[in-house]
Structure formats: structure tokens, C-alpha cells
Amino acid sequence: MFKHVPGTKDILPDEVSSWQKIEITARKIFSLYNYQEIRTPIIEEAALFNRTLGATAEIVQKQMFLIHNQEDIYALRPEGTASIVRSYLENNLDKESGFIKLYYLGPMFRLERPQKGRLRQFHHIGCEVIGSAEPALDVEVISLAEQLLKNFGITGYKIKINSLGCTKDKQALSLALKEKLQKKSSQLCFDCQQRLKNNVLRVLDCKNETCQKIVKELYPSDNHLCPECLAHFGKVKNELNNLDIAFEITPQLVRGLDYYNRTVFEITHSNLGSQDAIGAGGRYSNLVKELGGQDLEGIGFAFGVERLLLAKNSVMQKPQKKLVYLITLGQAAKSRGLKILNQLRSAEIPCDTDYLSKSLKGAMRAANDAEASVVLILGDDELKKNIISVKDMSNSTQREIPIENITKELKC
Ligand code: HAM
């Protein structure tokens with residue numbers, strides 16, 4: 001028998017309602033904030049991600065699902081931001097005001113070592129706003145992320161924020177860190193010894209305890225920021241306070257992708273174990289230009305849906321089903337039953353029946369398994385008298401009504 005590919009997951013019918021609830025809620029909240037949905041392809045040219053995420057990013061180095069197609073190399077998208085900026089430029093969405101608020105839902109792919117909360121195919125709910133450097137926008141985006149969590153019914157999360165500063169600030173910080181960390185390099189973990197050479201900022205958010213200790217001693221909070229970036233970050237923090245959004249300043253937060261600068265943030269949850277980020281995002285000042293567009297800034301974030309569901313403490317409460325289950329006994333009743341089902345469905349009453357010719361007892365069991373709220377029983381004898389039995393499954397009461405009244409009765 002074939003099995004699913006490791007790191008992928010079937011979303012089975014009894015989980016789908018939780019997914020739908022999250023998706024419906026997300027669409028509702030995004031439209032309250034005036035964001036429009038965008039859907040981009042799952043495959044892109046691999047070079048798009050190499051260029052934008054950075055050659056030293058872990059995603060690029062070892063996590064891309066690549067498809068070699070004659071001369072072209074495609075990748076299954078590992079994230080949405082680069083694709084959306086590509087689409088924004090390719091489709092001239094920058095030609096009107098240049099400012100646009102977009103959201104997206106869909107699968108992403110990373111060739112990671114699977115574990116709880118870490119999959120090879122996972123799903124993002126995210127947004128990207130392109131065209132403004134205003135700190136007020138950083139605040140809108142972070143507050144939107146929080147609104148989504150509140151509306152998903154998730155509590156117990158922590159919003160961590162930091163500012164990486166502009167490109168010059170990042171370079172200065174990298175140089176200073178490199179110099180300081182060189183002296184301690186033998187104490188760093190194997191990965192951080194590599195990062196020291198290629199991407200020293202990533203040493204800051206290494207999970208290894210010794211690395212964390214070294215970094216804490218060395219790393220001064222926002223001293224590396226230039227006056228403009230310091231002022232930008234100051235405004236973001238002030239306005240978040242104004243909106244009563246609780247956040248923690250986390251100088252070690254650098255994020256793994258090259259395109260970030262200035263504000264970065266991550267939302268963690270204690271129910272998740274080692275993979276505790278339910279969502280993350282930040283500002284990108286050079287990405288649009290890097291991909292051939294104007295000098296426009298963007299900011300966005302993405303939630304991992306699987307992690308949202310884990311944070312919600314397994315699957316969310318199932319919505320109460322309103323299903324009518326029809327049991328027919330005899331040929332004439334069966335034939336009339338099909339008409340009744342059509343009539344109910346036309347009146348938007350969800351209903352189903354038994355297609356396995358079960359006995360009354362067996363069909364009642366099937367109705368129970370289907371979590372029907374009402375069972376209708378129609379035998380040939382009832383049909384002759386033009387009546388049908390209606391059983392309310394919540395209190396097991398049963399009554400008979402004329403067949404033609406059934407839709408009206410069930411609509412109430
Ligand atoms: P990211 O931090 O790589 O950011 O991913 C965002 C979220 O996706 C993570 O916080 C996590 O919840 C979820 N996630 C990531 N990898 C996995 C995985 N292997 N299995 C399950 N869930 C995962 C981005 O992708 C950026 N594009 C976010 C962004 C948008 N920044 C600006 N705009």
C-alpha cells in the first residue's frame with residue numbers, strides 16, 4: 001500500500017471543518033482591513049528564491065524542492081513573499097499608486113527534517129503590503145496579525161519584535177558581531193561556526209544554549225541602529241503601546257531570510273515545543289528594487305496553519321451539524337424519498353440517506369454516526385397515509401406530520 005510522503009499530511013474530513021473555520025475567519029478579517037486576495041503559482045523559477053532569500057539562507061541552501069526541467073530549474077515555493085513581489089511587478093500592480101495590500105492562503109514546501117510542527121508541505125496564511133515605509137503600517141500589520149489570532153480563538157501567544165535597521169546598519173552589526181564572535185568561535189556550535197563565516201546575524205537566534213549565552217553577553221540591544229531607523233522603531237513601539245498591543249523587544253530576533261530590514265517580528269506559542277513560532281514577518285526595503293521594480297518598501301507576515309491548529313490545542317471545537325437523515329423502508333418509499341431529499345436540498349436543508357439498504361436499526365446507527373440532528377422515517381405504509389415520522393435526535397422525541405409539510409417544519 002502506498003503511504004504519504006514524510007513531512008506531508010492528509011487533512012481528513014473531520015479536521016477539514018477546523019481548516020475551513022480558520023480560512024473563513026482569515027478572509028473576513030483581511031477584508032476588514034481592506035486587503036485583497038492574491039493567488040500565485042506553486043512553482044516558480046528557483047532563481048527567484050536564490051536571489052531574494054539570500055544564498056546563505058537555510059531554505060536556499062538545503063530546503064528547496066527543485067524540479068529540473070531541461071534548461072530550467074523550478075522550485076516548489078518555500079514561502080510567499082518573493083512570489084508576490086514577482087507577481088506585483090510582472091502584472092504592473094505597481095503602476096497605479098504603487099501601494100497595495102494583499103493576502104494569500106496556500107501550501108508551501110520546504111525539504112526539512114520532519115518533526116512535530118515542522119512539515120515538508122505546510123500552509124501559510126499571510127499578507128504583504130507594498131509601497132510604504134510608514135511605521136504606522138508596521139503597526140497595522142502587527143495589529144492585524146493579533147486580530148487574526150484573537151478571531152481564531154488563540155490565546156497564550158507572545159509577540160516578539162526587533163529592528164534590524166537599514167542595509168548599512170545590518171552590515172555594521174554583522175561586522176561588529178563577527179569581530180566579537182571570532183574570539184569565541186571554538187565555543188560556538190558547529191552550525192554557528194559556519195554562520196560566522198557566511199551569515200553571522202543568524203548566530204543571534206541560534207537555539208543552542210551555549211551560543212545563546214555567548215550572544216547575550218556580547219550583543220547590545222538597538223545600539224547599532226542609525227538615527228532614522230531608531231526613530232522608525234521608536235514610532236512602531238509607541239503606536240503598538242497606544243493600541244495596547246503587548247510585545248517583547250527581542251534583540252536576538254533576526255529572522256532567516258536576507259530580504260528583511262528594519263522591523264521584524266515573530267509570534268510564538270508555548271503549546272508548540274521546539275517549533276514554537278506560529279507566525280512571523282517583517283519589513284523588506286530592497287526586495288521590490290532587487291526584482292527590477294521601483295524603490296518601494298514592503299512589509300508582511302505569514303502564519304503556519306498547522307501550527308495555529310496545534311496552538312489551538314488540537315482541533316477546534318466542531319461546529320454543530322444540522323443534518324437531516326432520511327430512512328426509507330420499501331421501494332415506493334425509497335422512490336418518494338429521493339424527491340423529498342431534492343426538495344430539502346432546494347430549501348438549503350443539508351440531508352442524506354442510506355444507500356446500503358440497511359435495516360431500520362442499521363440505518364438508525366448510520367444516522368447516529370453521521371451526527372444527524374433529525375431523522376425522517378418513511379415506510380410504504382406511512383406513504384399510503386401521506387405521513388412521515390420526524391425524530392429529534394437531541395431529545396429522542398418522535399412525531400408524525402403530513403409529507404407536504406416537511407420542508408416548512410424543518411426550516412423552522
Ligand atoms: P517563515 O518564518 O519562514 O516566514 O514562515 C512563517 C511561518 O510559517 C512560521 O512562523 C511557521 O509558523 C510556519 N512554518 C515555516 N516553516 C514551516 C514548516 N516546515 N512546517 C510547518 N510550519 C512552518 C516566511 O515564510 C515569510 N515569507 C513571512 C513573511 C511574509 N515575511 C514578510 N512577509
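These are my notebook entries on what I looked up in this predicted model.

**Entry: ground rules**

I number residues from 1 along each chain as its sequence is written, and my side-chain values use heavy atoms, with hydrogens and water left out. Since the model is predicted, local features need pLDDT of at least 70 and side-chain atom pairs count only at pLDDT 80 or more, while totals for chains, interfaces and linings use all residues.

**Entry: domains**

I looked up the domain assignment. Domain bounds come from an automatic or database domain assignment. Domain 1 covers 13-160 + 249-312, and domain 2 covers 324-411. How far apart are the C-alpha centres of domain 1 and domain 2? They lie 48 Å apart.

**Entry: helix 4**

Next I turned to helix 4, residues 81-90. Helices (H or I, at least four residues) and strands (E, at least two) are DSSP runs, numbered from the N terminus. I also needed a term for burial. Buried means under 20% relative accessible area, exposed over 50%, and partly exposed in between (1.4 Å probe, protein chains only).

Eight of the ten residues of helix 4 are buried, so the helix is largely enclosed by the rest of the structure. I listed the buried ones: Thr-81, Ala-82, Ser-83, Ile-84, Val-85, Ser-87, Tyr-88 and Leu-89. What do they pack against? I found strand 2 (43-45), helix 2, strand 5 (100-109), strand 6 (121-130), strand 10 (277-284) and helix 10 (287-290). Just after helix 4, Asn-92 takes a positive phi of about 55°.

**Entry: helix 2 against helix 4**

I checked how these two helices cross. Axes are lines fitted to C-alpha atoms, for helices over the stretch in contact, and angles run from 0 to 180 degrees between N-to-C directions. The axes of helix 2 (residues 46-53) and helix 4 come within 10 Å and cross at roughly 105°. Angles under 35 degrees count as roughly parallel, over 145 as roughly antiparallel, 65 to 115 as roughly perpendicular and the rest as oblique. Helix 2 and helix 4 are therefore roughly perpendicular to each other.

Which residues make the contact? Helix 2 gives Leu-48, Phe-49 and Thr-52, and helix 4 gives Ala-82, Ser-83 and Arg-86. Contact means heavy atoms within 4.5 Å. By class, I read three nonpolar, two polar and one charged residues. Here Ala, Val, Leu, Ile, Met, Phe, Trp, Tyr, Cys and Pro count as nonpolar, Asp, Glu, Lys and Arg as charged, and the others, Gly among them, as polar.

**Entry: nonpolar cores**

A nonpolar core is a set of buried Ala, Val, Leu, Ile, Met, Phe, Trp, Tyr and Cys residues joined through side-chain atoms within 4.5 Å. The largest one has 50 residues. Leu-53, Leu-181 and Leu-188 have the most contacts inside it. Helix 4 supplies the largest share of this core, five residues. A second, separate core has 43 residues, including Ile-29, Tyr-35, Leu-225 and Leu-308.

I then followed Leu-181. Not counting residues up to four places away in sequence, Leu-181 touches Leu-188, Leu-196, Val-200, Val-203, Ile-214 and Leu-218.

**Entry: helix 13**

Helix 13 spans residues 360-369. Its buried residues are Gly-362, Ala-363, Met-364, Ala-366 and Ala-367. They pack against strand 12 (324-329), strand 14 (374-379) and strand 15 (387-392).

I picked out Ala-363. Is Ala-363 buried or exposed? At 0% relative accessibility, Ala-363 counts as buried. Leaving aside neighbours within four places in sequence, Ala-363 is in contact with Tyr-325, Ile-327, Asp-354 and Lys-358.

**Entry: positive phi in loops**

Glu-371 is not a glycine, yet has a positive phi of about 60°. Glu-371 sits in the loop between helix 13 and strand 14. With a relative accessible area of 40%, Glu-371 is partly exposed.

Ser-396 also is not a glycine and has a positive phi of about 60°. I found Ser-396 in the loop between strand 15 and strand 16 (397-402). At 51% relative accessibility, Ser-396 counts as exposed.

**Entry: Lys-339 and Gln-20**

Lys-339 is in helix 12 (residues 331-346). At 59% relative accessibility, Lys-339 counts as exposed. Gln-20 is in helix 1 (residues 13-32). Gln-20 is partly exposed, at a relative accessible area of 42%. The C-alpha atoms of Lys-339 and Gln-20 are 31 Å apart, and the two residues are 319 residues apart along the chain.
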